[in-house]
Amino acid sequence: MTASILTVDDSASLRMAIRIALTGAGYAVTEAVDGADGLAKATGTRFDLIVTDLNMPNMDGLSMIRALRQQPAQAGVPIIFLSTESDAEMKAQAKAAGATGWLVKPFQPDQLIRVAQKVLGK
Amino acid sequence: MTEDPTATFRVEAGELLDQVEQGLLDLGHRLGDMALVNAVFRGLHTLKGSGAMFGFDALAAFTHHCESAFDRVRKGEVPATAELVSVILSARDHMAALVDGAAPQAEGDAILARLAAAVEAARGGGAPAEAAPVGAQQGVRLFFRLPADAMANGTNPLMLLDELRELGEAEVRVRTDTLPPLGALVPNECHLGWDVTLRGDITREAIEDVFIFVMDDMTLEIAPLGDAAPAGVVPVAETPPATTIAAVAPVAAPAIVASAAVSPAVENVRVPADRLDALMDRVGELVIAQSRLSQLANNRHDLLLRSVTEDIERLSGELRDTMMVLRMVPVSSLFGRFRRLIHDLARDTGKAIELQTSGETTEVDKTVIERLFDPLVHIIRNSCDHGLESPADRIAAGKSETGLVRLSAHQAGGEVLITIVDDGRGIDRERVRAKGEANGLIEPGQQIADDELLGLIFHPGFSTAAQVTNLSGRGVGMDVVKRTIESLRGAINVASEPGKGSTITLRIPLTLAIIEGLLVRVGESRYVIPLSAVEECLELSLEDDLRSRGHSLITLRDRLVPFVRLRDLFSTGTRPDPHQKIVVVATGRERVGLVVDQIIGNHQTVIKSLSAFHRGVGSFSGATILGDGNVALILDVAQLVAMAQPREETLRAAS
Amino acid sequence: MPQAKQRAEAAMAATDTSWNARGELEVLTFDIGGETLALEATMVREILDLLPETLVPGAPALVRHVVNFRGRIVPVADLRLAFAMEAGETTADSRIVVIELPIDGEPTLIGLRTDHVREVATLNAGASEEAPAVGMRWQRDYVRRLVRWRDDLIILPDLTAIFAAVLSPRS
């Protein structure tokens, strides 16, 4: 069964790049343009993985992650956030909000796929 | 920019491994030389210590066994034997593989077994050697526990266990000691811990990578398995690796004879190769911009501007020359690698082979060095496989039992000459002729000059040997060798005396990237002719042009020189300029005049290579970017000369 | 629709095009000689306005020119010749699409002259079909598949075959 991934990012080109990489690896990808859109699309369904940027208009990534973790249905869904550098402070905040792991920008497509495989299994 | 310590270790490990290899090869010739034994021991010792420091636990463990074995030789308990040296050489290869992270466990165990046997044999039997416990248990035992909310936050312990299983042979046992009673259990929470035993080359790095997302919140305990313990717990206090590595280098150098000439007390700075390449690119672009500036300045009558522009020309030329020198590397590094090759070839063919080298300090551009490796290996293999005779045959022929292969390098003019000489049986002309006829390259009975006959061996598919050896996965054959040398804008020549041996000569130009060029115009396009090939430039008057319609020869100081109208060759379809010029170019003994519409001037040419589509197009060896951003193709003088030759001969014959 | 599914499976079975698990392919579409072609978006490096081109005398007709692309010498290919289309005029819409393709084992940059670059699109394996054996005016092995997209029939060219044909005649 194809794993479904939600990507949340206000940058269209980054969304496209992530989508091309993940669909190339056989995942099904849904896109959201900001935290509010992401929350709306995730609520009521269950994605296998959510990949999200943190800095977005209309609800930032941290708020979206916190809101998602309030929903019992989302328990256990891996959430990977994109960090702009190896910022320990940001990582701690995101982990506290409920994120599972991270990927440092800029990243190569295969790094993204490796992280996806890490949390989803191969 | 922070340096990556692991990368630095890899570079230094590489150097240590080279030194250990050279030391072992020398020791093989002089088994009693304790200075060599000590040098090898120190190299192994340092490798072990720094390996452990940088987390290369498997390397440290493996090297430890070799070091212990060698320690016994050092202490005089066991004599050095050829077999021992041979095993440690294999061990060294395995260590190199461990540094790269691609070493099969079984191979390491096999080598350690051979090592134990070799030490035993050296002792002449008796109590079992303590060195190299066979099949040392390598691996780790770890325990981990995740925070209670880990699963709710998307961490899946099953995925982590799967990742651990990929690292090696795994045994997993769960610990349920902290499970709350059922009534108090929240299903989302994780209260389990796991004991995992992993067998294999397991590094701390790999384990931490598995747990990277949860590292800060979890409990993780790792301990090495079995008595491979020394690896994991080599006391860091042992000797700061930095100073030890530095100490080994100068001390080992005098002990390791016949390796690269090491000048004492020269201050060196280590620069990553890609930084040098980036610098080279910048210099290339600077040259282009400077030539553009010169063009502009020459069009203005501003003396001050011109004067500054001249300064910049001079400085940029000097910078370019300095860059050339920076990229030069002595061929000794290349020759050094062949010692091992000869050693292995001698063993494989059962022949006694000696390698002599001279001119190791001759310097060549570093990119050239790398690309020369495969061709030289092929040539040396040929000499050893087919050129040199077996010891019995050599004695029967009145030669010494040991075959000789001599590698030498020296600079002459703007070139480096590398020769490979062997004193074997020489190239069998009859076999070459037979193969040539079989391949349809020559007619049976066709008269052919000796050097042309020998030249046949460079044809694709031509191999008088039954076996085809596969170097680095790429196809081999003298045709590939020739093509590689030519891609370096060099030339290869073969000379051979039956019964006495063969000599192969490679000529490589000193600089690859930037040459002095002559910019010319043909029709509406511009081309560059390498200035080093240009002998002279003449006017071709309109009358001479018309007069020589039928034949393309011009008399140049009592000599007939063929010429090529580039306008025709390139089918420009344009009318000739009233003041055409002939640029006379030469390669070796032959020359040709190239008729162009205009000589624009000198141009410092940064050579860019052509894509596969255009590489084979006869007349061009590359391209360059002019000051105005347009592309100009660089003429391949050797090809043009070759193209013009037959006409000269037939014309001479006809007249 | 079983027929479409069959087509999709057949398309995906052919190994020269990497349709993803859902039978989709992200492509860049562009026009040449009145036809619309498509190439995997992943091989596209850049889209440029026309640059001054330098002729390489003696080069195969398909790749007769080179351009200076950021200091690199990049061959420019005229795919019209591969599909026996007539040469046309360049217009304000003409572009060079720079792609990267392995040639002889090395990743090589090649510029493709196009009349008009359209958009990035998602093609569906189910909407594709094999090039017909007869009745097509193009050389069959130069076409990987024909794909229906919106109202058009798009050509997925086989660049590897086209460029291999260019390279092989030379000894």
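A contact here means two residues whose C-beta atoms, placed from the backbone, lie within 7 Å. Another stretch of chain B, residues 466–475, also has a pLDDT below 50, with 11 contacts beyond near neighbours in sequence. Chain B averages a pLDDT of 79, and 85% of its residues score at least 70.

A quick word on bookkeeping: residues are numbered from 1 along each chain as its sequence is written, while chains are lettered from A and ligands numbered from 1 in the order in which they are written. Since the model is predicted, local features need pLDDT of at least 70 and side-chain atom pairs count only at pLDDT 80 or more, whereas totals for chains, interfaces and linings use all residues.

Over in chain A, five strands line up as an open sheet in the order β2-β1-β3-β4-β5, with parallel pairing. Strands (E, at least two residues) and helices (H or I, at least four) are DSSP runs numbered from the N terminus, and two strands pair if DSSP finds at least two bridges between them. β2 (28–32) and β5 of chain A sit at the edges with a single partner strand each, so one side of each has no neighbour in the sheet. On average, neighbouring strands of this sheet are turned by 20 degrees against each other, direction ignored; the axes are lines fitted to C-alpha atoms, for helices over the stretch in contact, and angles run from 0 to 180 degrees between N-to-C directions. β1(A) and β2(A) pair in the parallel sense over 5 bridges, and I5(A) has V29(A) in β2(A) as its bridge partner.

Helix α5(A) packs on this sheet, touching β1, β3, β4 and β5 of chain A, and its direction makes about 170 degrees with that of β5(A). The buried residues of α5(A) are L112(A), V115(A), A116(A), K118(A) and V119(A); buried means that 20 or more other C-beta atoms lie within 10 Å of a residue's own, with C-beta atoms placed from the backbone. They cover an arc of only 160 degrees around the axis, which puts them on the same side of α5(A); the arc is that of the directions from the helix axis to the C-beta atoms. Their cover includes α1 (12–24) of chain A and α6 (157–165) of chain B. After α5(A) comes G121(A), with a positive phi near 85 degrees.

Methods: Buried ≥ 20, exposed ≤ 12 C-beta atoms within 10 Å, placed from the backbone. pLDDT = per-residue confidence, 0-100.
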